[in-house]
Amino acid sequence: MDRVDAVIIGAGLNGLTAAARLGGAGLSVLIVERSAQVGGGAAHGQPAPGYSAPPIGFSHGYVPPELIREFDLAREGLQLIRREGGISLFDDGSHVANYANENVMRRELARHSRRDADAWPRFVRDMKRQAELIRQSLLKAQEDPGEWSLSALKQMMSRTKSVLQMEPEALYDLTRFWSLSLDDFLEGYFESPAVRAHLAAPALIGRALGPADPTGAAFLPAQWMTGTTGGAPWRMSPKGGTQALADCLAGVVQARGGDIRFHAEVTDIKMMDKKAAGVILADGEEIDAGIVLSDLDIKRSFLSLFQWSGLPDGFARDVANVRMDGIVARINFALKGLPEINGVASDNPALSGGLMIGGGLHAMERAYEDWLDERPPSAPLLEIAIPTLEDPSLAPEGGHIFAVSAQYIPTELHDGVWSDVRRKALMQTVKDMISHHAHGFEDHIVAEELRLPSDIEDQAGYTRGDPFLGQMSLDQMFFNRPVPGFSGYESPIKNFYVCSASGHPAGLALGAAGANAAQSILGSLKGRRS
Amino acid sequence: MTEDVTEHSVSEEVTDVSRDSPLNGPGVPPDPAWFEQAADEAPYARHVLTTPLHLDVADESRTNSWTAWAGYTVADVYTSIEQEYDALRTRAGLSDISPLTKVRLSGEDVVPYLDRLLTRPVGNLEPNQSTRAVLCDGNGCVIAEGVLFRLGDEEFRLVLRSSHLDWLRQSALGFDIQLEDVSGTIAGLSLAGPMADSVLRLAGMEKPAALAKHQGVWVELGGMPVYLSRTGMMGGLEYELWCDPADASIVWRRLLGVGQKVGLRPVGSAVRNIARLENGVALEGVDYLSAFTAVDPSDALSPYDLCLGGCVDLDRSVFNGQAALRKTAESGSRNALVGFELDLADAGVGGPICNGDKQVGRITSLAWSPTLQCTIALGLVRASALGASDGFTIKTQTGENIPAKLTKRPFLRFS
């Protein structure tokens, strides 16, 4: 094998965007992928013949428009579908739905509280303010403030300046966002417990947090990056699912001269003069490269590809200390038809946004406590995407997919293993919860698949099954991500970079971490040459 | 055979009235069930609602030109802007203003509550008097402005262009008051123009002219109880009529019926917008953003920015935004919403305001005034730029720089 400029471990979305950017800059790139498919966690499987769903990843995600333009993804065939709505179902038969139209959204809230309907514009205003701040940071490599480089200083200065220039009120707002729990934060706007639970639930999925835990509010605005016209925000998802996005990116990589090798598992990093110089595959083959990028999570990248003794003092410990928590089990139900939902008319446009079942904030808190105690929760929080409503191509005619993210599922149990009996019991709990709101749900099931956090770890390689490859909490975000002292994508090993979602901005935007990593590599290459 | 067909079509007409067009023609009251909102109607069943006068309004519309206002469908133009404007300024015009938010405030503490809520004390307001009301948030930025009616010693009605129950309730903490959104139970009509008195007299009212500005009175119109107030935003002689939604259609038809003699015409939003601009009135959501919708905090404006300083009384007990407003009053406001006159027949939708080469502000509203025979505009400019009294230009969409004359509001004065 000839030497390449950059070898990328893993063909996940971030590996692909990194490869596309580096390829676009004229570097020769090679992606080595363990499986037979591009996409990594975003790759689709077939829960039943004719049905297509990602067994591990979420079925939606924010694709930054900057990347769509840079890679010309729209002309490459990528179509984004707008999924409006989302309905929270409660045990008493009531529901709260999202509507993109402001008048309709306010009327929906008024069903629960007139006052909450009028608090909505203030909530939207604050969400938009914070979402814009987050959005602006997505495609910026986060420079390490401790590193005294000119660019790090510049970024630190501009950040300090923007904080110093803030009106006191805006600073209070920022502090509220980064410190309050979801429950406390939402109480500042809404009096109806149902409305609060409805708005809190999507911000919890994937995060090892309960609704009453501090800092929970910080991720509420993440959903507001896509856009809104004054009503609830909508979600964009690629037509054909996240697999279509991966395929599209793979096409871009190849068009830019990049290569993808399948069934190639990397077991070691080839070192030369204490610098990364390539990768060693499971079959012993060596691939030489000027730069090595890892689309694996931070722990796998360093703790399984390197000799620990070769890592700088304390670095292995810092990496080991990165909090990665499995909390979501992914369940796909292939259905032969759409079951009727109690109290929700089948023509309700909010159905496209999926369902949320988890009871009120108290019930979520109880489920969270079960998770802390490493018990299977008696009532997990269920986020159910129904991608087939807006994209029927994902199922045979008339068929539908319920892509369930079950939150508060422990990776390990305090009293044993996830035995078959316990897996079946969990599935039954989930089915019962859905059946409570959709009678006859089980009669619609053609096939079902369950991925526990431990399955996700085994199959996708996310340590402990953490869907965000490192929990997104304030201490692990921005320049603290992935490891304090090694913000961004560079590592203590020269020529070795982490381009996975373990880096900023994590799961906030699909493919952004990879593109950012490539950007910082190109930046330092330019620096070296000049 | 022919008879059969005739008979058949006749019988269908009789039995299937509900399938008739809502535009039944003059004299035939349309079936209100057509647009009425059912109690169990899903929130998403329609994006905009209809007012209690919708069918009567639709009946008068010759252009089928509509616009949305606060989530309701209202007529934009009934016949033509020229005809409607002419009626409004030389005879009389009638409009549907039902989408306004109306809140009933009552209780022992209602006066201290309103003193806390509004930028001006209301204790001196006599029953059946009304005043302009400005609501500020804690930063002294305007949330909304509207009209406050005192209906009794302990009863008020606040009429706003947008709904702010959340803020009204938040401000009510510690006050013994009742707060009730009565928007759905009160329909509103606006009757304006020099012949408005004649219309009311023809409709059976005895001495409408006795009503002073800002005053209100209960009257009977066509057998229906109506609260008549001399209020409005268009300048000149104008009345607003508030009544039960079920009676609104009868009041509307009665006024239009008797008013034909003196040239009364229904007037849509387009002309109302010109008229309020001539009167120099700025609107929330058009000329400025409510503090609750301003995503960029610098878009939230103080009453001083909007030249509503006259509505602020600082030296009294604490009220919402007082501390911040005091600071602004001392340091001077950053912006000013001012009027401009332009020698241009059609200036498009407006654009940046410049003085010399420098941009000093932007146009927020602009319209051709048929009375003044020029284009009038409201613009938000930096207060520092107002040192210059002339030299202002407005850049149009076609790139022309049109001289703009700084003009005192209101543009149009009525004797």
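This is a predicted model: local features need pLDDT of at least 70, side-chain atom pairs count only at pLDDT 80 or more; totals for chains, interfaces and linings use all residues.
**Exercise 1. Find the two domains of chain A and describe how they touch.**

Start with the bounds. Domain 1 of chain A is pieced together from 4-44, 240-323 and 462-529. Domain 2 of chain A takes 81-135, 188-238, 328-409 and 412-451. Next, look at spacing: going by C-alpha atoms, the centres of these domains sit 31 Å apart. Now for the contact itself, where each domain of the pair puts in 13 residues. Finally, sort the domain 1 side by class: you get seven nonpolar residues, six polar ones and no charged ones.

**Exercise 2. Work out which elements of chain A meet chain B, and what kinds of residues they bring.**

Count up first: chain A gives 22 residues to the contact and chain B gives 18. Then pick out the elements of chain A that supply two or more residues, which are α3 (102-112), α4 (114-138) and α6 (168-179). Of these, α4(A) has the largest share, with nine residues.

**Exercise 3. Which residues of helix α3 of chain B are buried, and what covers them?**

Go to residues 81-90 of chain B, where this helix runs. A residue counts as buried when 20 or more other C-beta atoms lie within 10 Å of its own. The ones that pass are Ile81(B), Glu84(B), Tyr85(B), Ala87(B), Leu88(B) and Arg89(B). Then check their cover, which includes the strands β3 (72-77), β4 (92-96), β10 (187-192) and β14 (264-266) of chain B, along with helix α8 (269-278) of chain B.

Key:
Residues are numbered from 1 along each chain as its sequence is written. Chains are lettered from A and ligands numbered from 1 in the order in which they are written. Domain bounds come from an automatic or database domain assignment. Two residues are in contact if their C-beta atoms, placed from the backbone, lie within 7 Å. Ala, Val, Leu, Ile, Met, Phe, Trp, Tyr, Cys and Pro count as nonpolar, Asp, Glu, Lys and Arg as charged, and the others, Gly among them, as polar. A residue is buried if 20 or more other C-beta atoms lie within 10 Å of its own, exposed if 12 or fewer, and partly exposed in between; C-beta atoms are placed from the backbone. Helices (H or I, at least four residues) and strands (E, at least two) are DSSP runs, numbered from the N terminus.
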